[in-house]
Amino acid sequence: MSFNVSKIREDFPILTQKVYGKPLVYFDNAATTQKPQCVLDTIEYFHNKINSNIHRGVHSLSVESTEAYEQARETVRQFVNAKSTNEIIFTSGATASINLVAFSFGEAFVGEGDEVIVSEMEHHSNIVPWQLLCERKKAKLKVLPFDDNGDLILEKLDELLTSRTRIIAVNHVSNSLGTVNPIKQIIEKAHAHGVKVLIDGAQGAKHGILDVQDLDADFYAISGHKIYGPTGIGALYGKQELLEQLPPWQGGGDMIATVTFEKTTYNQLPFKFEAGTANYIGAAALASAIKYYQRVGIEAAVEHEDSLLEYATQSLQAIDGVRIIGTAKEKTSIISFLVGDIHPYDTGMILDKMGIAVRTGTHCTEPVMAHFGIDGTVRASLAFYNTKEEVDMLVGGVKRVKQMFG
Ligand code: PLP
C-alpha cells in the first residue's frame with residue numbers, strides 16, 4: 001500500500017499556510033515537528049473539559065486528569081516497549097531527561113577520577129550536563145570521535161573504555177549529520193565492561209519502532225515536540241533497578257512520601273523523579289501524538305522519509321558546488337549542506353523568502369562544526385508529511401541562491 005502523503009497532510013493545519021505568499025515548505029523537523037489536529041484537539045479538550053491538577057484531588061476532574069496522565073505514561077511505555085510504567089518518567093524534554101540522569105546517576109555512581117564518555121557528534125544537551133557533572137565530581141569527560149563521513153569510530157571505544165568508565169552518553173540519530181548510530185553495538189560493548197549507557201533519542205524516537213528491552217538501553221531520552229507532540233514534554237526511560245538506586249534530582253510536591261523538618265522520604269517510581277505539577281496536558285497530547293504516529297504507521301513513515309532523503313541527497317549533490325556534510329553509511333531524514341562558500345544564513349534567508357523553512361547554523365553541535373572546520377550548515381530535516389515536490393522546490397531554491405551569488 002502506498003503512503004498517502006496528501007491525505008496525511010490534511011491532518012496538519014499549519015502546512016496549509018503561506019509564507020511570503022508562497023506555500024510553506026517545512027523542512028525544519030529536526031528542530032521541531034508540526035502537530036496533527038488530534039494533538040491540538042487533545043490540548044483544547046483537556047483545557048475545556050477536564051483540566052484539574054493530578055494526583056492531589058478526590059474530585060471527578062482531578063481523577064479524570066490523573067487517569068489521562070497515567071494512561072499517557074502507559075502509551076509511552078508501550079511506544080518504547082519498557083517493561084513497566086515505573087520506568088517512564090515524564091520530563092520537559094530530552095534535555096531535562098539527560099540532565100536528570102547526569103545529576104542523579106552522577107550523584108550515585110560517579111566519583112573523583114571516574115570517566116564519562118560522550119561522542120563527538122552530540123547535541124550540546126548531551127555534552128554540557130556531563131561536563132557539569134564532571135566538574136562537580138572531578139571526573140573526566142572523554143570523547144568518542146567520528147570520521148569525516150560522520151560515522152562513529154567504534155574501534156576507539158575499546159581504547160576509551162577503562163575500569164573507571166561509568167557511563168556512555170550517545171545519540172541514536174545525530175541532529176546535524178543524520179547519522180544513525182549503532183547503539184545496540186555500543187550498548188553491548190559498554191555492558192561487557194559493566195558500563196551503563198544513556199541514549200539521547202531526541203531524533204531517534206522518530207526513526208523506527210523502539211524497543212528499549214531489545215536494545216538493552218539503561219536510559220533512553222525522548223522529546224515530545226520532535227515526535228509530533230507539544231513542546232515542554234518529554235520522557236526518560238530508565239531500567240527500574242537502576243532508577244531505584246538513583247537519588248531524586250529535584251525536590252518538591254509529588255516526589256515525596258512523607259515530609260518533616262527532620263527527614264523527608266521519597267515517593268515510589270516513577271513519581272520520585274517528577275517534582276511539582278507535571279505537564280499533564282502535555283503528556284496527554286504526547287500520547288495522542290504517539291497514537292497518531294502509530295496509526296500513520298511508523299515503519300511506513302520512516303520508509304517514506306528515507307526515500308525522500310535519498311532523492312534529496314541525489315538532487316542536491318547534482319548541483320555543482322553543493323557539499324553535503326554527513327555522508328554516513330546509515331543515515332535518516334536529515335541533510336546538512338553548504339552551497340559553495342555562501343554563508344548558511346544567506347542561503348537560509350533566501351530560501352525563507354521562497355517559503356522554504358530550513359535551519360542554519362551549528363544546530364547546537366559546535367564540536368561537529370569544529371570537526372569539519374566550518375561555521376555551520378544549512379539543514380533540511382524531513383518528516384513523513386513532506387513530499388518529493390517539496391524536495392524539488394528546495395533544490396530549485398538552492399539553484400536560485402547559487403545564481404544570485406553569481
Ligand atoms: N538531543 C538532540 C540530538 C536534539 O536534536 C535535541 C534538540 O534539537 C535535543 C537533544 C534537545 O531536545 P529537547 O528540545 O527535547 O530538550
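Tyr-20 lies in the loop between β1 (18-19) and β2 (22-23), where helices (H or I, at least four residues) and strands (E, at least two) are DSSP runs, numbered from the N terminus. The phi of Tyr-20 is near 50°, a positive value in a residue other than glycine. Most residues other than glycine have a negative phi, and most peptide bonds are trans. This is a predicted model, in which local features need pLDDT of at least 70 and side-chain atom pairs count only at pLDDT 80 or more, while totals for chains, interfaces and linings use all residues. Residues are numbered from 1 along each chain as its sequence is written, and side-chain values use heavy atoms, with hydrogens and water left out.

A positive phi is also found at Lys-138, a residue other than glycine, with a value near 55°; Lys-138 is placed in the loop between α5 (128-137) and β6 (140-144). Another backbone feature is the cis peptide bond that joins Leu-269 and Pro-270, with omega about 0°, and Pro-270 belongs to the loop between β12 (264-266) and α10.

From that loop the reader can turn to the helices. Two packed helices are described by the angle between their axes and the distance between the axes. Here axes are lines fitted to C-alpha atoms, for helices over the stretch in contact, and angles run from 0 to 180 degrees between N-to-C directions. Helix α3 (residues 60-80) packs with helix α10 (residues 280-296) at an angle of about 40°, and their axes are 8 Å apart. The two helices α3 and α10 are therefore oblique to each other, given that angles under 35 degrees count as roughly parallel, over 145 as roughly antiparallel, 65 to 115 as roughly perpendicular and the rest as oblique. In this contact (heavy atoms within 4.5 Å), the residues of α3 include Tyr-69 and Phe-79, and those of α10 include Ala-287 and Ile-290. By class, the contact of α3 with α10 has 11 nonpolar, 4 polar and 1 charged residues, where Ala, Val, Leu, Ile, Met, Phe, Trp, Tyr, Cys and Pro count as nonpolar, Asp, Glu, Lys and Arg as charged, and the others, Gly among them, as polar.

Helix α10 also packs with α11, at an angle of about 75° and with the axes 5 Å apart. That makes α10 roughly perpendicular to α11. Tyr-293, Gln-294 and Val-296 of α10 make this contact with Ile-298, Ala-301 and Val-302 of α11, and its residues divide into 5 nonpolar, 1 polar and no charged.

Helix α11 (residues 298-317) in turn packs with helix α14 (residues 388-404) at an angle of about 20°, with axes 10 Å apart, and α11 and α14 are therefore roughly parallel to each other. Among the residues that meet are Leu-308 and Tyr-311 in α11 and Val-391 and Leu-394 in α14. The contact of α11 with α14 holds 8 nonpolar, 1 polar and 2 charged residues.

The last stop is the ligand. Which residues are around the ligand? Among them are Gly-93, Thr-95, His-123, Asn-175, Asp-200, Ser-223, His-225 and Lys-226, each with a heavy atom within 4 Å of the molecule. An N or O atom in the side chain of Thr-95 is 2.5 Å from an oxygen atom of the ligand, a polar side-chain atom of Ser-223 lies 2.7 Å from a ligand oxygen atom, and for an N or O atom in the side chain of His-225 the distance to an oxygen atom of the ligand is 2.9 Å.

Technical notes:
A polar contact is a pair of N or O atoms within 3.5 Å; within protein, one must be able to donate a hydrogen and the other to accept it, and residues adjacent in sequence count only if both atoms are side-chain atoms.
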